[in-house]
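Subject: A structure for you to explore

Hi there,

Here is the structure I promised to pass on, together with some notes on what turned up in it. Please open it beside this email and follow along.

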Amino acid sequence: MKRMALSAAGLALFATSAQAQDADLILFGGPIHTGDPANPTAEAVAIENDRITFVGARAGAEALAGAQTQRIDLRGAALFPGFTDGHAHLDGIGQRELTLNLEGSASLAEAMQRLSAWAEANPDGPIIGRGWIETHWPEARFLSAADLDAAAPGRIVVLTRADGHALAASTTALSAAGIDADSAVPSGGEIERDGEGQPTGLLVDAAMNLIRAAIPTDAPVNRRQVYETGVAVYRAQGWTGLHNMGASWDDILLMEAMDAQGAPLLRIYNAIDVADVDHLFASGPRATADGLVITRAVKVYADGALGSRGAALFEPYADAPETTGLMQTSTEAVLPIYRRALETGIQVATHAIGDRGNAEVLDWYAEVGVPATARWRIEHAQIVRNPRDLVRFSDQGVIASMQPSHAIGDLHFAPARLGEARLDGAYAWHSLLEDGAVVVGGSDAPVERGSPLIEFYAAVARRDLQGFQGPDWHPEEAISREQALALFTTAPAWASFREDELGLIRVGFEADLTVFDVDLMTAPVEAIPLGRALLTIVDGEVIYRAEGW
């Protein structure tokens with residue numbers, strides 16, 4: 001199919017003339033949920049070039065068929081607008097597949113068994129890994145250098161926690177980075193120490209840079225392979241696009257080059273890492289010729305993560321009264337960046353998890369005078385004072401970019417971290433939507449698995465994958481299936497300034513479509529995460545088809 005680029009202004013003309021064209025592709029034979037309130041279901045969809053040309057009855061679609069038209073019988077599978085992950089880290093998704101993956105380790109002992117096996121299979125070079133999380137381990141503690149030393153003696157080992165806000169380093173790694181009892185703690189970070197003042201090996205937030213400055217923590221492969229791997233994983237999950245949070249300038253140039261060379265990609269909306277933002281300020285918002293890679297946002301960090309007690313709170317942690325978390329920036333440091341972004345038309349996406357972190361960002365946005373038309377975002381918006389700060393998202397026109405799976409994972413430790421009172425306003429998708437805020441759904445992969453089905457389930461069930469919810473977990477914050485569909489379709493389109501051509505199955509819109517073997521709108525809720533993606537279509541091209549289907 002030949003890509004046909006249309007401006008938003010040309011959509012109306014396209015819609016009226018579309019039926020004069022022969023369809024390249026017709027899909028039929030299963031429930032089709034368009035996401036369009038004016039036309040919520042259909043029997044068939046026709047595509048010509050990269051656009052949807054018909055949505056309606058099967059006979060109407062067949063009237064557009066020509067000799068070369070391809071037909072896909074859904075055989076009962078469900079068709080949706082293309083699902084977009086509103087917050088993910090594409091390089092981390094690729095890295096997860098290429099390095100030691102500790103995701104799903106049931107215990108500290110199992111994680112160390114995996115490390116030992118990896119060390120034996122990979123006898124040379126540093127060992128880099130990610131994915132451990134101690135909150136459900138029977139040992140109930142963070143990893144330490146002693147653990148890593150025992151599992152991989154003498155090796156440089158750097159294992160990042162699942163949330164990306166803490167890491168454990170071996171004694172050899174600490175030595176290589178020059179971290180010892182006399183090392184100063186960087187602002188916004190923490191070096192965990194034992195009773196004698198020696199580093200235990202656990203570094204939190206800004207302190208992780210002490211290791212990363214000395215030891216390469218990228219996969220032992222080239223960056224192109226990292227991105228190709230991440231794209232392949234996401235295509236197979238059914239994602240047609242993602243909002244890529246915190247890419248380096250070099251990686252943005254790489255993605256643009258890959259696209260120009262015809263490498264397989266998704267629809268990627270980049271937020272550049274704040275450390276490299278001057279490049280984007282100089283160039284302004286940018287996009288590849290085919291519109292598949294767009295860069296017009298900057299990612300800023302306000303605080304850390306809840307699991308590693310780095311999220312900034314107004315009051316001390318309920319299970320660690322000696323700390324209120326860590327702010328990663330200050331008013332003096334961030335306001336000049338915000339002002340420059342506003343001047344140059346760059347969208348801002350600020351990470352904020354704790355109630356203080358969210359309040360500070362809302363204050364900063366207000367001080368800069370950000371208009372709602374700028375569509376600035378807060379990434380995560382996990383713990384927000386209710387109603388004091390929740391209503392400010394709608395009032396200030398701030399997008400809440402949230403990840404439903406965080407709630408069904410964090411429910412096992414967040415009550416201990418926060419105490420009962422602060423759970424009112426935690427992971428509050430429903431309240432934000434009721435207030436009129438735009439809520440974008442994402443996964444934060446590789447922090448979470450990165451499955452659209454798990455994210456959809458989490459949004460409508462607000463229970464973990466075993467059906468557990470726990471007391472005081474505010475079941476009223478679950479949302480409807482229609483609202484959940486919007487989280488991953490129309491909301492990401494709005495947040496990337498493409499609501500006129502993405503997020504719906506509507507004539508004139510980009511032909512980005514996702515097919516699952518489970519009908520998300522009618523299936524029993526517990527069946528949703530058990531499904532799988534069967535077909536992923538971007539720009540009218542089938543970019544993934546499940547084996548045997």
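Phe-80, Phe-83, Tyr-234, Trp-239, Phe-488 and Phe-516 are joined into a cluster by ring pairs. Please keep in mind as you look at them that this is a predicted model.

How many aromatic pairs does a search of the whole structure find? The search turns up 13 of them. To describe such a pair, one gives the distance of the centres and the angle of the planes. Phe-80 and Phe-516 make a tilted pair, with 6.0 Å from centre to centre and 50° between the planes. This pair connects distant parts of the chain, since Phe-80 belongs to strand β5 (residues 78-81) and Phe-516 to strand β21, 436 residues apart. Both Phe-80 and Phe-516 are buried.

For another pair, go to Tyr-338 and Tyr-365. Why is this pair edge-to-face? The planes of the two rings are at 65°, and edge-to-face applies to angles over 60 degrees, so the pair falls in that class; the ring centres are 5.3 Å apart.

Ile-93 is found in helix α3 (residues 90-98). Is Ile-93 buried or exposed? Its relative accessibility is 0%, so Ile-93 counts as buried. Although Ile-93 and Tyr-234 are 141 residues apart along the chain, their C-alpha atoms are separated by 8.4 Å.

Now some charged residues. Arg-498 lies in the loop between α19 (490-495) and β21 (513-516). With a relative accessible area of 10%, which is under the 20% cut-off, Arg-498 is therefore buried. Its side chain reaches the backbone oxygen of Gly-291 at 3.3 Å, and a polar contact of 3.5 Å links it to the side chain of Glu-510. Among the other residues in contact with Arg-498 are Arg-267 and Ile-294.

Arg-296 has its charged end over the ring of Phe-497, 3.7 Å from the ring centre. The charged end of Arg-462 sits over the ring of Trp-429, at 4.9 Å from its centre.

Enjoy exploring!

Best wishes

Terms used. Residues numbered from 1 in each chain as written. Predicted model: local features only at pLDDT ≥ 70, side-chain atom pairs only at ≥ 80, totals over all residues. Heavy atoms only, no water. Helix = DSSP H or I, 4+ residues; strand = E, 2+ residues; numbered from the N terminus. Buried < 20%, exposed > 50% of the residue type's maximum accessible area, 1.4 Å probe, protein only. Polar contact = N/O pair within 3.5 Å; in protein donor to acceptor, adjacent residues only side chain to side chain. Contact = heavy atoms within 4.5 Å. Phe/Tyr/Trp six-rings, centres within 6.5 Å; stacked < 30°, edge-to-face > 60°. Lys NZ or Arg CZ within 6 Å of the ring centre and 35° of its normal. Lists of a residue's contacts leave out its neighbours within four places in sequence.
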